[in-house]
Amino acid sequence: GDGDPAFPRDHAHDGHNGMSMRDYYAGKAMAAILSTLHQGIRPCDIGLMAKDAFAVADAMLKARAA
């Protein structure tokens, strides 16, 4: 699930077990979305770009569960 840690570590006892898979996937998607800025494509809304990144992450999690 999206609560699974992307990089699990054995410090779960302190409540910090790394970022979630959803956050990891969204970060990767955001990097790809931002890379379009260097290709002359200019997204106008950073909030929309962030929503798109999480939409990609959610699709990846759904595919992962299938």
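I take contact to mean heavy atoms within 4.5 Å. This is a predicted model, in which local features need pLDDT of at least 70 and side-chain atom pairs count only at pLDDT 80 or more, while totals for chains, interfaces and linings use all residues. Residues are numbered from 1 along each chain as its sequence is written, and side-chain values use heavy atoms, with hydrogens and water left out.

**Entry: Ala53**

I looked up the neighbours of Ala53, not counting residues up to four places away in sequence, and found that Ala53 touches Ala26, Ala29, Met30 and Ile33.

**Entry: helix α1**

I took helices as DSSP runs (H or I, at least four residues), numbered from the N terminus. The 15 residues of α1 should span 21 Å, and the end C-alpha atoms are 21 Å apart, so the two agree.

I then listed the buried residues (under 20% relative accessible area; exposed is over 50%, partly exposed in between; 1.4 Å probe, protein chains only). In α1 these are Met21, Tyr25, Ala26, Ala29, Met30 and Ile33. They cover an arc of only 165° around the axis, which means that they sit on the same side of α1. I note that the arc is that of the directions from the helix axis to the C-beta atoms. The buried residues of α1 pack against α2.

**Entry: nonpolar core**

I used a core defined as buried Ala, Val, Leu, Ile, Met, Phe, Trp, Tyr and Cys residues joined through side-chain atoms within 4.5 Å. The largest such core has 10 residues, including Met49, Ala53, Ala57 and Leu61. Both α1 and α2 supply at least two residues each, and α1 gives the most, with 6 residues.

**Entry: salt bridge**

My criterion was a side-chain nitrogen of Lys or Arg within 4 Å of a carboxyl oxygen of Asp or Glu. I get 1 salt bridge. Arg22 and Asp58 form a salt bridge through their side chains, at 2.6 Å from N to O. The partners are 36 residues apart and link distant parts of the chain, with Arg22 in α1 (residues 21–35) and Asp58 in α2 (residues 46–65). Arg22 is partly exposed at 25% relative accessible area, and Asp58 is also partly exposed, at 36%.

**Entry: aromatic pair**

I paired rings of Phe, Tyr and Trp (its six-membered ring) with centres within 6.5 Å; planes under 30 degrees apart are stacked, over 60 edge-to-face, the rest tilted. There is 1 aromatic pair. Tyr24 and Tyr25 form this tilted pair, 6.2 Å centre to centre with 45° between the planes. Tyr24 is partly exposed at 26%, whereas Tyr25 is buried at 14%.

Key
The expected span of a helix is 1.5 Å times one less than its number of residues.
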